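Good morning, and thank you for coming.

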Amino acid sequence: MKKLINRLLPKKYRQTGISIPVVRLSGAIASGGGPFRQNLSLASCAQLLDRAFEMKEAPAVALIVNSPGGSPAQSRLIYRRIRDLAEEKNKKVHVFVEDVAASGGYMIAVAGDDITVDPSSIVGSIGVIAAGFGFTGAIEKLGIERRVYTAGSNKSVLDPFSPEKESDIEHLKSLQREIHQTFIDLVKEARGDKLVDHPDLFTGQFWTGTTALEMGLVDAIGDIRATLKAKYGAKTKLSLVEPKRGLLGRRAQGVAVETLGAQLGHQIADGALSAVEERALWARYGL
């Protein structure tokens, strides 16, 4: 229909050139969210991806990735959704990295048929991390007694208010090794023989875009506009796919009006804690 309408218009009003849908995937990766907590998850980007891949006349979809990582499960779910849509709709996927595509952010990036970065982008961190705090000494000094009651001998594993147990640590590390291997296998499958043989490739180390290119982690140095125009012609247009906006500038979540006030206090506190956690993720890469 669009093609027919375009042909009927006077020449000076006709649309020329290819339009490429662009989806921005930005932020720390975690499930959940709200007005004061803007995480990147499958739930937050699924509709945007669907809309982008539904644009029939577009030969490809462009993704802008800017993420320090987060949930390995959500990262892989987003990766899988992108690849499934690309195969279903028979479209190329071009990924463009801004500040960082590290850890889960890089897992999402490898969903692209090619990855383009800025020379100063931070790329890599193919590893798994878990961090926390131990408060055993602190509660003793405050005269606080910790009481824990469980049904199941492993229900209080890695309790931050109890002394660490070697068996708990080893169990956590075994989980990390499994998740790490899943990450490694995914990268190898996606990048294939593009990867160079480097001893630090899968150690969690990260590099600038320039070095990442040398290591085969990415395909080119450049920017989205110049790259897509070079691929599809000088008249190529970029069409940003954005979420619909609702209350507080966020996409409507179906929250009943009478419960909004009660939820705001919790969401503000939750958002503040989330902001601290996200700030720590970005800080790992000097950002």
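A crossing of two helices is called left-handed if the near helix is turned anticlockwise from the far one by less than a right angle, and right-handed if clockwise. Helices (H or I, at least four residues) and strands (E, at least two) are DSSP runs, numbered from the N terminus. This is a predicted model, in which local features need pLDDT of at least 70, side-chain atom pairs count only at pLDDT 80 or more, and totals for chains, interfaces and linings use all residues. Residues are numbered from 1 along each chain as its sequence is written, and side-chain values use heavy atoms, with hydrogens and water left out.

I begin with helix H2, residues 42–53, and helix H3. Their crossing is right-handed. Contact, meaning heavy atoms within 4.5 Å, involves Leu42, Cys45 and Phe53 of H2, among others, and residues of H3 including Leu77, Ile78 and Lys89.

What is the handedness of the crossing where H3 passes H6? That crossing is left-handed. Here Pro72, Arg76 and Tyr79 of H3 meet Ile179, Thr182, Leu186 and Ala190 of H6.

Finally, I turn to helix H8, residues 224–232. Which of its residues are buried, that is, under 20% relative accessible area, where exposed is over 50% and partly exposed lies in between (1.4 Å probe, protein chains only)? They are Ile224, Thr227 and Leu228. Viewed down the axis of H8, these buried residues fall within an arc of 90 degrees, so they line one face of the helix; the arc is that of the directions from the helix axis to the C-beta atoms. The buried residues of H8 pack against strands E1 (19–26), E2 (60–67), E3 (92–102), E4 (114–117) and E8 (237–240).

Technical notes. Axes are lines fitted to C-alpha atoms, for helices over the stretch in contact, and angles run from 0 to 180 degrees between N-to-C directions.
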